[in-house]
Amino acid sequence: MNLDHAILTIILCTPLLGAGVLALLPERDGAKTHHIAALAVTLLTFLFTLHLPSHFSAATNAGFQFDQNLPWIPSPSIRYHVGVDGLSMWLVVLTGLLAPLGVLASWHSIRARAKTFFVLFLLQQVAMIGIFIALDLFLYYGFWELSLVPMALLIATFGRTENRRRAAIKFFLYAFIPSAILLVAIVWLYARTGTFDMPTLQALAAAHHISPNNHALWLCSLAFLVAFAVKVPIFPLHGWLSDAIQEAPTAAVMVLAGKLGLYSILRFSFGIFPEQSRHIAPLLIALGAIGIVYGALIALVQNDLKKLAAFSTLSHVSFIALGIFTFTVAGVDGGVFQLLNESLIGAALFILLGLLYERYGTYDMRDYGGLAARHPWMITFYVITSLAAVGLPMMNGFVGEFLILSGAMQSFARHHIAWAVLGTSGVIFSAAYMLTLIQRVFYGKTGYRPDEVQGWDLTGREHLELWPLAALFLVMGLASPYWTRAIDTFGTAVADRPQSFEPVHLKHMETETYPSPRASAQHGAFVDPTLAAAAQGQPAPTTDKGAKY
Amino acid sequence: MNPNLLWLIPLLPFAGFLLNGTLGRRLPRAAVTSIALLFTLLPALIVCDLWLYFKAAAAPLSLAVQSHPWIAITGFQVNFAFTVDHLTLVMLSVVTGVGFLIHIYSAGYMAHEDGYWRFFAYLNLFMFFMLVLVLSSSFLLLFVGWEGVGLASYLLIGFYFGRDSAANAGKKAFVVNRIGDFGFLLAMFLLIAHFGTLSFDQVFSALAAQPALHGGFLTAICLLLVVGAAGKSAQIPLYIWLPDAMEGPTPVSALIHAATMVTAGIYMVARCHSLFDRSPFALAVVACIGAATALMSATIGLVQHDIKRVLAYSTVSQLGYMFLACGVGAYSAGIFHLMTHAFFKALLFLSAGSVIHALSGEQDMRVMGGLRKRIPVTFWCMTAGVFAIAGMPFFSGFFSKDEILYQVFTSHAPGAKLLWLIGVTTALLTSFYMFRLWFKTFFGAPRFDERSLAAGHGAHDDHNKAAEAEHDSGQAAHAHGVHESPAVMTVPLTVLALLSVIGGFVGVPIAFGGHNEFEHFLDPVFTAYGAGQSLAEPSAPASTALTLTAIAVTCFLLGLLAAYMLYVRNPGRAGHLAQQFQPVYTVLDRKYWVDQVYDALIVTPLLVLSRGLLGGLIDTGVIQGTGGAAGGLTCGLGGLARRIQSGNLRSYAGWIAAGAAVLIAVVLFGLHPHF
C-alpha cells in the first residue's frame, strides 16, 4: 500500500488518539504510566514523520506533496486538504522530534497531574502539526486557535511561580486578539474568492484575481501579518514572551516561540499577499535587525537565566524575520534553515536550564558559580549549545545566520546595507551574553547555592535528551545541503529572481516612495486591467460588509 | 603524492581531540600524551612529504582537493576544499613543526596538572582549526578555522576556570575577536554581493579579469578584512585581549598567542594580496596600524614586570612589524618575519615557562635574578631567543627585521620614511626591553626566597583551591627549590634555539651575497594573479641596504648597552629614572589607560543603555506596559459591562427602555448611516 497520501493524516491522528488514550488511563500516585505512554505516542509520531524526508522529491516544480484533499463541508466550501512542501516538510519532522525530547525533559519535573499535562502536551503537538500541514485556510485557522488553548492551560496550570495565571492570560490575549482579526480577514478572502483552498488562493494571488481593491488587500494582509508577527514574536510585539517563557514548563517552552508564526508568514503572508509583503519588507527588515540587537543587549544584562533565554530567543527569531523579508534565495533559505536550528538550539538551551533548576531550584545566575568542576558533562553540553547559538562555523547556527545576513546584504530594500550591518553586530553581542552565562554559572568561585545543594552530573535519561540535539548541531552544520535541498525549492519560488521584481503592481499606491520609470513602461503588460481601473477609489469592501451586518 | 592526504592533515588532530575529549578522563596520562603527540606528529610528517613533492617538481604548482558541498543553495555554493601552494606550505611547516615541539614541551610542563586530558584535547582542537585555516581554499573555510582557533584560544585561556581573571580573560579574548569577525563577515557578504563566490581562486581570477577595478567597494572589503585581521592579530584598536590572554598556561601562550594563531591575520592579508594591491588606501591603513601598534606596545613593554607580559607586548609589537611589511606590499618579508618570529617567540615563551617552572610559578621579574648558573640550559636557550628578537647580526630575527625595514624604507608608500623611522625606533626599544628581561632574570643577585618557593608548592596542587593564586601555576609539585626543567622540556627548547639562530639563512638578502631564497620561493604566490603595482622599489643600490643594516645593528647595540647600564652596572638607576620621569612612567605603566577608556566609552555605556533604557524604560515601560494597559483596559471594560448584568429586574427594564428610546430617536430624526 502506498502510504504517501495517508501519511500526513496518520501523523496528525497519532498524537490525537494518543491524547484520547492517555485521558482514559487511570492516574496513580508515583506511577509513570502517563510518562511512558506519552513517550511511546510521541516516538511513534516521530517515526511516522521520518517517512516524509525519505520520500520527498526535491524537484523544483513538485508543489505540495503527500497531499490529501477530501471534501468536508460543501457550503461554504471547506475541504480537508493537507500537504507539505519544502517549507513545511522539515518543520513537521522537527515537531515530531521535539515531542519525545519534551516528554523526557518532563520526566521528573512533572509529578502531580501528569495526565492533564501530557494530554495537553499531545494536543499542542496535534495543533502544531495541523498548522504545518493544513492547506485549507479554514482548517488552518482551526488548528491555529487550537494551538492557543493547550499552551495557555499548560502555562496557567504548570507554571513555576504565582505569576503563572497572569502570564497565561497575557499570552492568550496577545495571541487571541490578533487571531480574531485574522478570522475577519480570512472570511473576507472567502467572500472575495469563494475558496479556502491555499494553492487556489496562491494562484489567484499570482494572477491578481483576489480583489481589485488595493486598500482592502492591504488591510487584509496587515491582519494576517500582525497576527503572525505577534506569535513569532517580532519586535516590538514581544511583550508576552518573557513572562510566558519564565513561567512555562520546559517541555512547553521548547515549542513556544518562532516556528508557528514564521511558518505562517512564509506560507500565507508571502503566498496570498506577495506584493504587499514585499512592500512592507523594508519595515520588517528594520524591525528584524533592531530585534536582533535589542534582544541581545537586554539578554546581556539579565540575572535571570530564563529571562536571558527569552531575550536570546527574541534575538534569534529576529534573525529569521530579517532573512525571510529580504526576498533573496539566501535570505529565505537561510531563514527557513535557521528556523529549524533555532528550535533545536532553543530546545537544548531550555532543557539545560531545566537541568540546573531541577538540581538547585533557582534560575538566578547570582546564586551559581564554579559548577564546571562538579558537572563536567553538563558544562560540555552548555558549551556546545552556546557555540551553536552564537553561530560558530561547523555548527548549524552558522549556516543559517550566514545565509540570512548575506541575503540581507543582497536585498533590494532601501538602507539594506545599514540593517545588514546592524544585524551582523548581533554576532558580537550573542557571544557576549552566552559566554557571560557560562562564566557566571560554571566558572569562577562556587556560588552559595551549590554549597547548600548536592548536585549530580547528567543521568542516562538526560544524556538521551541532549545527545541527539548535540549531534544534530554538528551534522546540520556540516551537511546542510541535505536539509537545504528541500528548503531551496521553496526559497527559489519565493525569492525574487533578478529583474523579475519591480514594484509595478502597487505603483498607484506608492508613487511617491517608489518612482520607477521602467515600471510604468511595463505597466500594461503586468497589471490586470480591471485591477488598475477598479483601484481608482472604490470604497473599501471590508467597511461595506462590516456595516451591513 | 596522493592529494587526499591533505584531508588527513587537519583531521588527524581532530581525531586526537575526539579521543582525548571523550575518553581522556579515564585514560592514564601516558596514553593521553601519546595520543596527542601522535596525532600532531603525523600531520608534520605529511607536511615533510609535501616538501619533498614540491622540491621534486620544478615548476611552481599547487595541490587541491575538494569534497561534497558544505553550503549549497541556488546561486551560491561552498565546498570543503583545501589548496596547498607555497605560502600554505610555509604556514603548514610552522604550524605543525612548532606545534609538535610545543606539544612535547607541554607533556613536561603540564605533567602535574589536573585536567591534563582536557588540556591536550583543546591543544589538538586548536591544531585542527589552525590547519583548516591555512589549508582552506575559500574565505568561508578560512573563517571556519578563524573562528575555531578563537574558540580553542577561549578554552585554553580559561583553562584554570576557577580563577576569575582567567575566565574573564577568556571571555574578553573571544568577544574582542568576535568584533574582528564581525568585520570579516561583512567583508564576505560584500564579496558575495559583488563576486557571487567566496573561493579564493574565483574571486582573484575575477579581479584579474578587471584590471581597471580600483578602490571603491574593494577598499571597503579590504578595510573590513583589516578589522578582522586586527582582531585576530592583536593590532590597534583590538590588541587589548592578547596581554590578558597570558592567563592561560605558558605552552598555550607560546603556541597560540605567539607562534601561530595571532599570525593568522598576517596570513590572511598576504593571502588576499590581490585585493589589497587594488586599494592603496587600505594598504596605507594596514601600514599605519602596524607601525603604530609596533611602537605603542614596545613602549608598554619597557616597564612591565611580569615576564610573560613583557613577551606578550613584544608579540603585539612584532605582529605590528608584520602588518607594516604587508602594508607596504612586502608580503614575503612579512611572512619571513612571521616564520622567524614563530621560532624565537615560541622559544622565548617556552624558556620563560621553564623559568617560571624553576621558580615554582613566580612570574615577577623583580623577584628573579641570578638564574644563569642555576638553570643553564634554559639560560642559553633564552639567550638565543633574546639575541634573535633583538636583531643580533646573523640571527634569524636580524634578517627578517632587516628585510622589513629595508622594504619599508625603499617603498613608494606615502610617508615611507616616517614609517621606517618608527620601525627603527621600535627596534631600539625591542632590543632594550628584551635585554632588560634577560639581565633582570639571569644576572645580578638572586632576589627570590628559596624556602618560600619550596613551601609554596603545596598550595598549587589543586587549582580549584588555588583560585586566588595570582600567577600561572603550571609547575611541579615534586620539585624543591630552583631546578632545571626535565629533558622533555629542554629538548624542544634546544631545537627552537637552533632554529632561532640559523632560521634566517633561508632569506639572506642579495646585498649580503645571498639570494633571498625565501622571497623567491613565495614569488609564485604573490604574482599568481598578475603582479599588482608593487610598492617596493625593485633595485635600490646595495649601499642603501648596508647603511640601513648598520643603523639597525647600532640600535641593537644601543639597546643592549642601555639595558646593561641600567640593570647590571648600576641597578638602582632604573628606579631613579622612573622617579624622574614619573608622568611618562605612569602612562606606560598603566598601558595608556586603553582598557579603562574602552570600559568608560564603550562597555559601560552599552550596559547602562541595555539595563536602563532598553531593559528598563522601553521593555518594562513601553512594551510590557502597553500590554498591561491593554489588559487593564479590557478588565475595566469588562467590569463596567458586568455592572449591566446586575440581576436587578428594574435596571434591566430601564436598559431596555433606554435602548428603545435611542432606536426610536434614530429612526425619527433621520440619522441615516450608510447601511
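**View 1. The two domains of chain A.** In this predicted model, the assignment for chain A, taken from an automatic or database domain assignment, gives domain 1 (1-272) and domain 2 (283-501). The C-alpha centres of these two domains of chain A lie 22 Å apart. Residues are numbered from 1 along each chain as its sequence is written, with chains lettered from A and ligands numbered from 1 in the order in which they are written. Because the model is predicted, local features need pLDDT of at least 70 and side-chain atom pairs count only at pLDDT 80 or more, whereas totals for chains, interfaces and linings use all residues.

**View 2. Where domain 1 of chain A meets domain 2.** Here 36 residues of domain 1 of chain A are in contact with 39 residues of domain 2 of chain A (contact: C-beta atoms, placed from the backbone, within 7 Å). On the domain 1 side, at least two residues each come from helix 4 (89-105), helix 10 (241-247), helix 11 (250-253) and helix 12 (259-272) of chain A. Helix 4 of chain A gives the most, with seven residues. By class, this side has 25 nonpolar, nine polar and two charged residues (nonpolar: Ala, Val, Leu, Ile, Met, Phe, Trp, Tyr, Cys and Pro; charged: Asp, Glu, Lys and Arg; polar: the others, Gly among them).

**View 3. A hairpin in chain A.** Strand 1 (residues 65-73) and strand 2 (residues 78-84) of chain A pair in the antiparallel sense over six bridges (pairing: at least two bridges found by DSSP). Four residues lie between the two strands of this hairpin in chain A. Look for Asn69(A), whose bridge partner in strand 2 of chain A is His81(A). Helices (H or I, at least four residues) and strands (E, at least two) are DSSP runs, numbered from the N terminus.

**View 4. Chain B against chain A.** In this view, 46 residues of chain B are in contact with 50 residues of chain A. Strand 1 (63-73), helix 5 (139-157), helix 6 (164-195) and helix 25 (594-644) of chain B each supply at least two residues of the chain B side. Helix 6 of chain B brings the largest share, 15 residues. The chain B side divides into 26 nonpolar, 13 polar and seven charged residues.

**View 5. A covered helix in chain B.** Helix 10 (residues 250-259) of chain B has 10 of its 10 residues buried (buried: 20 or more other C-beta atoms, placed from the backbone, within 10 Å of the residue's own). Among them are Thr250(B), Leu255(B) and His257(B). Their cover includes helix 3 (86-109), helix 4 (116-135) and helix 14 (307-327) of chain B.

Key
Two residues are in contact if their C-beta atoms, placed from the backbone, lie within 7 Å. A residue is buried if 20 or more other C-beta atoms lie within 10 Å of its own, exposed if 12 or fewer, and partly exposed in between; C-beta atoms are placed from the backbone.
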